[in-house]
Amino acid sequence: MASKLRYPLPWRIKPCSPTNRSLLFDRSHLHLLLLLLLASLVLSSASQHAHELLIKGGTVVNAHHKEVADVYVEDGIIASIGPNIVQVGDEVNIIDATGKYVMPGGIDPHTHLEMDFMETATIDDFFTGQAAALAGGTTMHIDFVIPINGDLSAGFESYVSKAKKSVMDYGFHMAITKWDEAVSKDMEVMVKEHGINSFKFFMAYKGALMINDELLLHGLERCKSLGALAMVHAENGDAVAEGQKRMIDLGITGPEGHALSRPPILEAEATARAIRLAGFVNTPLYVVHVMSIDAMEEIAKAKKSGQRVIGEPVVSGLVLDDSWLWHPDFTTAAKYVMSPPIRKAGHGEVLKAALSAGILQLVGTDHCTFNSTQKALGFDDFRKIPNGVNGIEERMHLIWDTMVETGLISVTDYVRITSTECARIFNIYPQKGAILEGSDADLIILNPNASFRVTSASHHSRSDTNVYEGRTGKGKVEVTISRGRVVWEDDTLKVTPGLGRYIKMKPFSYLFDGIEKADAAYLASLSAPVQRSRASS
């Protein structure tokens, strides 16, 4: 029986068929308590021995520099970097990286694990989603906490519980879905006590997560006072609701109706509105999942004027087009439903060029997975198809193949957009996102000459579909190292539920530098108030 399962040992994951995967993950969750107990035993044993690792002969790549060097790791921290490091002890694990790249592990800024959404919940939790991430070379992610009935503290505690089975480091963003004095006070608690330095505002999903302009303004002002980064899902939710009604009235009920109901102009309008409101408040803004040329152009215009706006494209928007939504097979078409929608051919190429030019800064995934049964909830009405696609395992490979192999970006740029810039924006650099002495030993070894192939039969997500099915390319992550532990090698995962660590993120990142000076200049420019005498009667 063990040979048919993905876990011949509780901490080892190997590829399996979709049929076995369904059986496996049901069983793995039934035995979660046992796995957590095993994790504590492993931790107890590990604490008695120093973890030493020596990576020899690779090209060490940071966002600012690359060099052929060795990397020595001790107790999960990078201890030294340089040529010809001599083995220190007899039990040092030595990895030969000659001819390969040694880079910081990827940081995914945008994921939704075990999230309740659209009458169901995402299929990947903090165990399966993170296992998939590690297999793809991502060693940290930042997930979105959704408040419970608007209550931030209740939402935070819920996600703390969900993350107990995590296998790698993670952080949290927090969504804001209503506004009152309690929410305002809770935001301060999240920043100062829980290490959350970013808050997301949904301008779409009317009747569920959507906020109005008044709430957005309050939120932007509160974010500024706390040194927290405001994030927006930018679509005009009122217009989207009208577009959806229009499609249904026209008899368009399939997945193609999803894209037709929320065209790029609605993403651009909301992006422009959020940018202008952030400019009015004078606070930095982060636009998540930029999917269209139209939205990107609004960001480019704002950045040219000197406004601090971060644009985050996601892998699906860079490498896919919306033609799949017209596929005659519903299961195939529905798996591509996400918001904002994947756009027509051509948008992705322009977004990649904007990423190469620095108009867009980093790449996320919006990993928000639902299986084919969940997607079928909207068989007769595209409005009921749960929105979301996979990507947490595929991101690092697809960006290398489509951006580095094609010459759009350099190897150092690759590190910047997949790791370093995220660490800087969310104020965890150089603990994360760098290969420097004292940094966490979150590393990958990528073989530029090896090839990869994406299939739902071999991926580590619980989903039975994959939007990148059959895609092949150059550049494969052969080794993933999480805090000094080799967790992916020889196409095998070696992970233990409960070993993940929550990373607190401090407020006032570099994006806030000079904000006070700009505020002072604004006040000085007002030439007001004007002293006036009352008109005589």
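How many of the residues of helix α15 (residues 395-404) are buried?

## Helix α15 and His 397

In this predicted model, 10 of the 10 residues of helix α15 are buried, where buried means under 20% relative accessible area with a 1.4 Å probe and protein chains only. Among them are Arg 395, His 397, Trp 400 and Asp 401. Helices are DSSP runs of H or I with at least four residues, strands are runs of E with at least two, and both are numbered from the N terminus.

His 397 belongs to helix α15 and counts as buried because its relative accessibility is 10%. Leaving aside neighbours within four places in sequence, His 397 is in contact (heavy atoms within 4.5 Å) with Ala 135, Gly 136, Phe 452, Gly 475, Lys 476 and Val 477. The side chain of His 397 also reaches the backbone nitrogen of Val 477 at 2.9 Å. Gly 498 is 101 residues from His 397 in sequence, and their C-alpha atoms are 26 Å apart.

## Basis of the model

Residues are numbered from 1 along each chain as its sequence is written, and side-chain values use heavy atoms, with hydrogens and water left out. The model is predicted: local features need pLDDT of at least 70 and side-chain atom pairs count only at pLDDT 80 or more, while totals for chains, interfaces and linings use all residues.

## Annotated domain and strand pairing

An unreviewed UniProt entry lists residues 101-487 as "domain: Amidohydrolase-related"; such annotations may be inferred rather than shown by experiment. Over residues 101-487 the chain is 38% helix and 18% strand, with the end C-alpha atoms 17 Å apart.

Strand β6 (residues 101-104) runs parallel to strand β2 (residues 52-61), and two bridges join them; pairing requires at least two bridges found by DSSP. Val 60 stands opposite Val 102 of β6. Strand β6 also pairs with strand β16 (residues 443-453), in the antiparallel sense and over four bridges. There, Tyr 101 has Leu 446 of β16 as its bridge partner.

## Two buried loop residues

Ser 339 lies in the loop between α12 (330-334) and α13 (347-357), and is classed as buried because its relative accessibility is 3%. Its side chain makes polar contacts with the side chains of His 258 (3.3 Å) and Asn 387 (2.5 Å). A polar contact is a pair of N or O atoms within 3.5 Å; within protein, one must be able to donate a hydrogen and the other to accept it, and residues adjacent in sequence count only if both atoms are side-chain atoms. Not counting residues up to four places away in sequence, Ser 339 touches residues including Tyr 205, His 233, His 289 and Asp 366.

Ile 428 is in the loop between α16 (411-425) and β16, and is buried because its relative accessible area is 3%. Ile 503 is 75 residues away from Ile 428 in sequence, at a C-alpha to C-alpha distance of 8.4 Å. The contacts of Ile 428 include Met 140, Ile 503 and Met 505.

## Cavities and a pocket

On a 1 Å grid over the protein atoms alone, a cavity is a set of points where a 1.4 Å probe fits but cannot get out, and a pocket is an open set with protein on both sides within 12 Å along at least five of seven lines; lining residues have an atom within 4 Å of a point. Volume is the space filled by probe spheres set on the points, which are joined across faces, edges and corners.

The second largest pocket has a volume of about 440 Å³. Its lining comprises 20 residues, with Met 118, Tyr 205, Lys 206, Ala 208 and Arg 383 nearest its centre. Helix α7 (residues 237-249) supplies the largest share of this lining, four residues.

Technical notes: Buried means under 20% relative accessible area, exposed over 50%, partly exposed in between (1.4 Å probe, protein chains only).
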